[in-house]
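This briefing is meant for someone meeting the structure for the first time. Please look over the sequence and the model before reading on.

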Amino acid sequence: MAAIEKLKDFICEDPRLEVILDRYNAHFQARLVDPQLHSDLETAFLELIFQYFDTPASLNIEKLKSFPLDIILSYLKNTHTYYLEKRLLEIELSIDRVRQKYGDDYPVLHTVKLFWSKFGSDLKDHIKEEEHKLFPLAEVLMLKSQQQCPQRKVYSFPDLGLLNDILKEHEDDELERGITLFMEYITHSHPDLKKVLSFNVLALQLETFLHDLEIHRRVEEEVLIPRLTEMLWSE
């Protein structure tokens, strides 16, 4: 029960962190009020994410590596769904509200809209690639490790090549940096926008999303992919 209270405390202290719970929908949130549905490991995983949400560069990777693969994969898959079905749309709506109200005074807001459309398209392509290649491989290896699937043809080297390709794509990926550079350009070139409350709300949304993206990327690059690599080498 203490873990559940700690999880609630994180949300009460910083409501922005509710974006982490949002990706689990009612299924996980029910566990906060019903200990019978509670998963200690899953809650501990989220508490760790919450703890480093504002400082993703210092995320405790070694501790994350101690969690079972199914919890890591569940977090990543739920995060993809959350981005596509909710977060991208929420930020797009915020951009539209600011643009419709202040677009004539700040024409750069039209550029913000164009930037976000391109960003959303790039992120969707990135997610599609991972869900067609990375996640199926993770699921097969996880099931095999649990001895719940029949013998699988061993093709470790092609799979290792796939993981290396995904890591290389991450290195070339400018999604996170794109948001940072764009917001720096907007705030430095148009400082008057800081006086617009709805733009400040949008800026906070983008900052929160940026932290979320960085954590998601680090969990993939430094926890999931090394785990899969280790499993492939052990075949």
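In which helix is the place of Glu131? Glu131 lies in helix α7, and the points below set that helix in the context of a model that is predicted.

**The chain as a whole**

- Of the 235 residues in the chain, 46% are buried.
- Among the contacts in the chain with a separation of 6 or more, 78% are accounted for by residues 24 or more positions apart.

**Glu131 and its surroundings**

- Glu131 counts as partly exposed because its relative accessibility is 34%, a value that falls between the 20% limit for buried and the 50% limit for exposed.
- When neighbours within four places in sequence are left aside, the residues in contact with Glu131 are His80 and Pro136.
- Glu131 and Lys77 are 54 residues apart along the chain, and their C-alpha atoms are separated by 8.2 Å.

**The pairing of α6 and α7**

- Two packed helices are described by the angle between their axes and by the distance between those axes.
- For α6 and α7 the packing angle is about 170°, and the axes are 11 Å apart.
- Angles over 145 degrees count as roughly antiparallel, and α6 and α7 are therefore roughly antiparallel to each other.
- The residues of the contact of α6 with α7 comprise 19 nonpolar, three polar and 10 charged ones.

**The largest nonpolar core**

- The largest nonpolar core is made up of 68 residues, and those with the most contacts inside it are Leu64, Trp116, Phe119, Ile179, Phe209 and Val219.
- At least two residues of this core are supplied by each of α2 (18–22), α4, α5 (61–64), α6 (69–102), α7 (108–145), α8 (156–172), α9 (175–189) and α10 (197–233).
- Phe209, leaving aside its neighbours within four places in sequence, is in contact with Tyr83, Arg87, Leu88, Ile91, Trp116, Phe119, Leu123 and Ile179.

**Helix α4**

- Helix α4 covers residues 40–51, which gives it 12 residues, and from its first C-alpha to its last it reaches 16 Å, close to the 16 Å expected at 1.5 Å a residue.
- The buried residues in α4 are Glu42, Thr43, Phe45, Leu46, Glu47, Leu48, Ile49 and Phe50.

Methods: Residues are numbered from 1 along each chain as its sequence is written. This is a predicted model: local features need pLDDT of at least 70, side-chain atom pairs count only at pLDDT 80 or more; totals for chains, interfaces and linings use all residues. Side-chain values use heavy atoms; hydrogens and water are left out. Helices (H or I, at least four residues) and strands (E, at least two) are DSSP runs, numbered from the N terminus. The expected span of a helix is 1.5 Å times one less than its number of residues. Buried means under 20% relative accessible area, exposed over 50%, partly exposed in between (1.4 Å probe, protein chains only). A nonpolar core is a set of buried Ala, Val, Leu, Ile, Met, Phe, Trp, Tyr and Cys residues joined through side-chain atoms within 4.5 Å. Contact means heavy atoms within 4.5 Å. Axes are lines fitted to C-alpha atoms, for helices over the stretch in contact, and angles run from 0 to 180 degrees between N-to-C directions. Angles under 35 degrees count as roughly parallel, over 145 as roughly antiparallel, 65 to 115 as roughly perpendicular and the rest as oblique. Ala, Val, Leu, Ile, Met, Phe, Trp, Tyr, Cys and Pro count as nonpolar, Asp, Glu, Lys and Arg as charged, and the others, Gly among them, as polar.
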